[in-house]
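Colleague: Could you take me through one part of this model up close, the sheet and the loop beside it? I'm new to this, so please keep it plain.

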Amino acid sequence: DGTTVAALETSGAIVVASGVLDDQGTVQGLAALATAAVPAGGTEFDADVVASPALVERDGVLMLFYEGANADTRGIGLLTSDDGGATWAREGAVLTRGAPGTWDDAWVADPSVVWDADAGVFHLWYRGSDGDVTRFGYASSADGRTWTRHVDDEGVTRSIWNPAVFT
């Protein structure tokens, strides 16, 4: 029907909106569907910050990956919607900091996710840090919830900020 759904980062929240893409590539009638706001305190991984949304669709389900942070660390979380974005279920953290001594043992952030329907796999590129150096990482998953990291202990490269993947 020409409807486009997008996730946008605003101050302290992620807004999911929809509109219709016209012939010039402009979204008309942009309307907010839902807002994922910063949770009020607590100890969850996303208690203080939600940011860097990455929205994908798989088999009619919208999957919103995002960066969450608290006073201790940052991680990557997941919200899902099976009604086009009107309501969202919080799945919690799906990728957290690496094991002690690895290149991403302080935090992971800035997800960029692609669903490859032909291969039946999600591809995730993200930033991570050992607290000293920030690097670029890659992981894959069949369900978007359980991830396998595919980089060596050095990460992919140094000084990457906010990776983005386009298909």
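Modeller: Strand β3 (residues 27-37) has the lowest mean pLDDT among the elements of the protein, at 58, while strand β8 (residues 107-116) has the highest, at 94. Over the whole protein the average is 79, and 66% of the residues reach at least 70. Where pLDDT is low, the predicted coordinates should not be read in detail.

Now for the sheet. It is an open one, built from four strands in the order β4-β5-β6-β7, with antiparallel pairing. β4 (49-58) and β7 (89-95) are the edge strands with a single partner each, so one side of each has no neighbour in the sheet. Going from one strand to the next, the twist averages 25 degrees. Zoom in on strand β6 (residues 74-81) and you'll find five bridges joining it to β7, with the two running antiparallel. Take G77, for instance: its bridge partner in β7 is A93.

Next, look at the loop between β4 and β5 (61-69), which is where D59 lies. Most residues other than glycine have a negative phi. D59 counts as exposed because its relative accessibility is 67%, and the cut-off for exposed is over 50%.

But D110 counts as buried, because its relative accessibility is 4% and buried means under 20%.

Technical notes:
Residues are numbered from 1 along each chain as its sequence is written. This is a predicted model: local features need pLDDT of at least 70, side-chain atom pairs count only at pLDDT 80 or more; totals for chains, interfaces and linings use all residues. Side-chain values use heavy atoms; hydrogens and water are left out. Two strands pair if DSSP finds at least two bridges between them. Axes are lines fitted to C-alpha atoms, for helices over the stretch in contact, and angles run from 0 to 180 degrees between N-to-C directions. pLDDT is the predictor's confidence in each residue, from 0 to 100. Buried means under 20% relative accessible area, exposed over 50%, partly exposed in between (1.4 Å probe, protein chains only).
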